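Subject: Handover of a structure and notes on its contents

Dear colleague,

Please find below the structure that I am handing over to you. My notes on what was found in it follow directly after.

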Protein chains: 2
Amino acid sequence: MRELTVDLGDRSYPIYIGSGLMAKAGDTFLKHGLPIKSPILLVTDSAVVDLHADKLEASLAHAGYRVTTAVVPSGEASKSLEMLDELIGAALEAGLDRKSTVVALGGGVVGDLAGFVAASFMRGVRFVQVPTTVLAHDSSVGGKVAVNHRLAKNIIGAFHQPEFVLYDLDTLATLPIREVRAGLSEVIKHGLIWKAEFVEWCDDNADRLLALDPDALGYALYEGCLVKSIVVSRDERENDLRAILNLGHTIGHALEAVAGYGELVHGEAIAIGMVGSARLAAQFGYSPDIASETERIFRKFGLPVRFPSELSTDDIMDAMMHDKKFAEGSMTFVVPTAIGSVEIRKDVPSTWVREIVDGLRDC
Amino acid sequence: MRELTVDLGDRSYPIYIGSGLMAKAGDTFLKHGLPIKSPILLVTDSAVVDLHADKLEASLAHAGYRVTTAVVPSGEASKSLEMLDELIGAALEAGLDRKSTVVALGGGVVGDLAGFVAASFMRGVRFVQVPTTVLAHDSSVGGKVAVNHRLAKNIIGAFHQPEFVLYDLDTLATLPIREVRAGLSEVIKHGLIWKAEFVEWCDDNADRLLALDPDALGYALYEGCLVKSIVVSRDERENDLRAILNLGHTIGHALEAVAGYGELVHGEAIAIGMVGSARLAAQFGYSPDIASETERIFRKFGLPVRFPSELSTDDIMDAMMHDKKFAEGSMTFVVPTAIGSVEIRKDVPSTWVREIVDGLRDC
Ligand SMILES: NC(=O)c1ccc[n+]([C@@H]2O[C@H](COP(=O)([O-])OP(=O)(O)OC[C@H]3O[C@@H](n4cnc5c(N)ncnc54)[C@H](O)[C@@H]3O)[C@@H](O)[C@H]2O)c1
Ligand SMILES: NC(=O)c1ccc[n+]([C@@H]2O[C@H](COP(=O)([O-])OP(=O)(O)OC[C@H]3O[C@@H](n4cnc5c(N)ncnc54)[C@H](O)[C@@H]3O)[C@@H](O)[C@H]2O)c1
Ligand SMILES: [Zn+2]
Ligand SMILES: [Zn+2]
């Protein structure tokens with residue numbers, strides 16, 4: 001088992017990464033002093049419940065906890081105020097009190113939603129994350145929890161740190177391969193912004209990672225969480241540094257929005273976005289090898305590096321402008337300066353961006 | 001103008017109390033460094049908007065702020081997730097950003113709702129309270145913000161402290177007298193739990209207070225806020241001491257629930273509850289004068305000290321048991337030990353409570 005601490009003063013918490021952790025979950029809850037007397041609400045989704053909930057429920061019950069499981073539909077649409085309402089109702093019916101814990105078993109959707117339930121139920125109760133996707137290595141660090149509004153993603157939320165994160169690699173065995181690749185896109189992103197050696201390691205171990213080799217996967221998730229936790233520790237509330245985590249996300253979000261959510265999954269869209277950012281680097285005079293390397297690695301992981309030809313550049317530019325309310329003419333981007341380091345540029349001419357977007361069309 | 005500071009470390013904030021403050025609101029916003037560039041969302045209710053919004057909007061506009069006003073229906077029903085959803089939509093349409101401020105102009109309903117909007121929009125933006133009821137002196141101290149769920153009041157919320165509170169006494173001139181009395185019930189409560197001289201002062205100045213004499217009212221609200229802020233400073237997250245603020249609330253909440261919300265307003269219900277708590281004190285061997293004094297003072301303020309005869313004791317007891325999940329046989333109450341001081345008793349026999357509730361029926 002690997003362990004790392006997200007360092008946030010008195011809100012610090014550990015992330016445990018390894019195989020077979022769910023079977024020992026009850027002990028971990030006890031070790032962390034989560035009270036037996038107060039009922040637990042376990043939140044999961046309709047795809048995960050049949051695959052992994054039994055084991056977690058059994059382990060918690062064995063340790064003496066009373067657990068009520070609430071299941072939300074699988075998918076981004078569950079990050080809504082309606083679902084918050086349902087889950088608060090479930091918490092009340094299960095008799096949760098101020099000392100209770102809300103547990104998220106699932107991917108980033110369940111984590112973000114259940115985390116916001118934990119943040120707002122009785123103005124805040126304890127929260128534990130049990131991620132079951134590769135992408136959720138990202139959402140399990142930093143305490144950002146949220147639901148979506150009709151007009152904007154992740155706009156209603158809180159900062160609410162978990163007690164701990166229990167990352168059982170065994171759960172990843174059932175994850176569709178497309179979701180594995182998409183999650184690895186975000187893992188590689190953490191290398192690209194911070195740590196060249198780790199990008200190289202990912203490059204060398206692509207096959208093992210895609211085959212879900214537990215040792216390789218455990219190491220990659222550890223490194224991904226570690227980079228994110230270093231960044232978040234230095235800037236919990238996203239005042240400056242934390243923005244570098246958005247590498248590839250400005251173009252990526254626009255692609256997701258224009259393609260229609262679901263057409264491109266998040267990790268795919270940002271892979272394309274990262275190639276775009278790397279091409280911007282060349283415009284700023286950094287080595288053009290950054291872009292070719294970035295592209296090569298994502299291709300190796302089976303991730304798209306071009307967007308579907310039917311999407312229009314105008315629509316993509318509009319989505320970006322709308323998303324960020326950029327001042328006339330210049331845009332802000334996270335731009336690589338080499339593999340493993342980035343800078344934030346507020347002076348990116350929108351004409352450059354348009355050209356680069358155009359060049360990312362699949363043809 | 002009176003000023004006091006709610007002392008919460010780096011979340012400390014001032015409360016300004018006086019006449020004519022709204023006309024100078026713009027300056028106060030500037031003084032507190034609220035950015036001109038970021039739009040403001042002003043939340044108010046349908047009863048308050050025509051009476052007081054103009055003045056505040058004008059003052060903010062004069063100082064250079066862009067203000068969008070959102071109006072929710074007057075009444076407790078607006079403390080809902082639906083209204084949160086609407087207001088987040090209004091914030092997005094008004095172009096609010098992470099440096100924006102949400103302003104609550106209204107009573108406790110608007111304060112609690114707009115405060116939760118401020119706490120959750122983009123995971124937290126700035127918040128300013130402009131209370132327009134007497135009762136809101138209570139909700140403007142302590143940072144508790146929340147909306148209701150079908151199954152429970154104030155169950156979805158956060159702790160979110162305002163930048164400052166602007167309490168313009170002139171706004172109280174339009175408040176229905178019943179709401180004035182009900183608010184004073186909570187003011188007197190702050191004396192009863194902490195400060196005998198202040199109870200005496202209220203007793204001596206009942207006529208001036210009910211006539212909304214600005215000097216008397218300013219002093220009373222100052223003292224009420226002060227007591228609450230002392231308690232809250234020592235226990236921001238309601239671990240122990242803060243519970244004394246619930247004097248009269250166990251019986252009060254049950255009466256509100258059983259009478260149907262609206263039949264008894266909150267301040268009325270807790271006045272009756274405080275008489276009940278004072279009678280409990282006598283059971284514990286404290287002076288029976290506490291109860292007769294408490295009753296006399298509330299009568300002087302025109303507040304009810306008995307509940308409508310049609311309410312059944314069984315229903316009231318059930319509501320209390322349900323509300324607090326009391327262990328078999330014994331209940332927890334805030335009990336006066338004298339005028340101006342209380343203790344928390346966890347050993348109150350439910351048989352005593354039943355008798356006392358019975359004795360509070362109007363006949
Ligand atoms: N809070 C943060 O800091 C943060 C960071 C990144 C992403 N996010 C959020 O995370 C969400 C995306 O996360 P995600 O990709 O994990 O999405 P997800 O939770 O929707 O999971 C992806 C899909 O895989 C299924 N699934 C999950 N685990 C499975 C398993 N073990 N076996 C089989 N199927 C499984 C889910 O039902 C879903 O259909 C987005 O809403 C995004 O906003 C949040
Ligand atoms: N957050 C806290 O710590 C805290 C503490 C106490 C109470 N509360 C909450 O406060 C709420 C009750 O507060 P309230 O009594 O102020 O209720 P309220 O906001 O509903 O106001 C009472 C009534 O007076 C009207 N009104 C308000 N100001 C007016 C004015 N100046 N002139 C004319 N009409 C006016 C309102 O439209 C409403 O009809 C409850 O929801 C309660 O839960 C919160
Ligand atoms: Zn991402
Ligand atoms: Zn009250």
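In this predicted model, the charged end of A:Arg345 is placed over the ring of A:Phe284, at 3.9 Å from the ring centre. In chain B, the charged end of B:Arg345 sits over the ring of B:Phe284, and here the distance to the centre is 3.8 Å.

Aromatic pairs

A pair of aromatic rings is described by how far apart the centres are and by the angle of the planes. Counted over all chains, the structure holds 14 aromatic pairs. One of them is formed by A:Phe29 and A:Tyr65, an edge-to-face pair with 5.8 Å from centre to centre and 65 degrees between the planes. Because A:Phe29 belongs to helix α1 (residues 25-31) of chain A and A:Tyr65 to the loop between α2 (49-62) and β4 (67-72) of chain A, this pair ties together parts that are 36 residues apart in sequence. A:Phe29 has a relative accessibility of 0% and therefore counts as buried. A:Tyr65 also counts as buried, at 4% relative accessibility.

A second example comes from chain B. The ring centres of B:Phe198 and B:Tyr219 are 6.3 Å apart and the planes stand at 75 degrees, so this pair is edge-to-face. B:Phe198 lies in helix α7 (residues 196-204) of chain B and B:Tyr219 in helix α9 (residues 214-234) of chain B, so that the pair links distant parts of the chain, 21 residues apart. With a relative accessible area of 2%, B:Phe198 is buried, whereas B:Tyr219, at 26%, is partly exposed.

Ring pairs also build a cluster in chain A, whose members are A:Tyr16, A:Phe29, A:Tyr65 and A:Phe164.

Helix packing in chain B

Helix α11 of chain B (residues 266-283) packs against helix α12 of chain B (residues 289-300), with the axes 8 Å apart and an angle of about 165 degrees. An angle over 145 degrees counts as roughly antiparallel, and α11(B) and α12(B) are therefore roughly antiparallel to each other. The crossing of α11(B) past α12(B) is left-handed. On the α11(B) side, the residues that meet the partner helix are B:Ala271, B:Met274, B:Val275, B:Ala278, B:Arg279 and B:Ala281; on the α12(B) side they are B:Ile290, B:Ala291, B:Thr294, B:Glu295 and B:Phe298.

Helix α11(B) also packs with helix α10 (residues 249-259) of chain B: the two axes come within 7 Å and cross at roughly 135 degrees. The helices α10(B) and α11(B) are therefore oblique to each other. Here α10(B) passes α11(B) in a right-handed crossing. The residues of α10(B) that take part include B:His249, B:Ile251 and B:Leu255, and those they meet in α11(B) include B:His266, B:Ala269 and B:Ile270.

The surroundings of B:Trp194

B:Trp194 is found in helix α6 (residues 177-194) of chain B. B:Trp194 is partly exposed, its relative accessible area being 28%. Leaving aside residues up to four places away in sequence, B:Trp194 touches B:Val227, B:Ile230, B:Val231, B:Arg234, B:Ile244, B:Gly340 and B:Ser341.

Helix α7 in chain A

Which residues of helix α7 (residues 196-204) of chain A are buried? They are A:Phe198, A:Val199, A:Trp201, A:Cys202 and A:Asp203.

Positive phi values

Most residues other than glycine have a negative phi. A:Arg123 has a positive phi, near 65 degrees, and is not a glycine. A:Arg123 lies in the loop between α4 (108-120) and β6 (126-131) of chain A, and with a relative accessible area of 13% this residue is buried. B:Asn154, likewise not a glycine, has a positive phi of about 55 degrees. B:Asn154 belongs to strand β8 (residues 152-159) of chain B and is partly exposed, with a relative accessible area of 23%.

With kind regards

How values were computed
Residues numbered from 1 in each chain as written. Chains lettered and ligands numbered in written order. Predicted model: local features only at pLDDT ≥ 70, side-chain atom pairs only at ≥ 80, totals over all residues. Heavy atoms only, no water. Phe/Tyr/Trp six-rings, centres within 6.5 Å; stacked < 30°, edge-to-face > 60°. Helix = DSSP H or I, 4+ residues; strand = E, 2+ residues; numbered from the N terminus. Buried < 20%, exposed > 50% of the residue type's maximum accessible area, 1.4 Å probe, protein only. Lys NZ or Arg CZ within 6 Å of the ring centre and 35° of its normal. Axes fitted to C-alpha atoms, helices over the stretch in contact; angles between N-to-C directions. Parallel < 35°, antiparallel > 145°, perpendicular 65-115°, else oblique. Left-handed = near helix turned anticlockwise from the far one by under 90°. Contact = heavy atoms within 4.5 Å.
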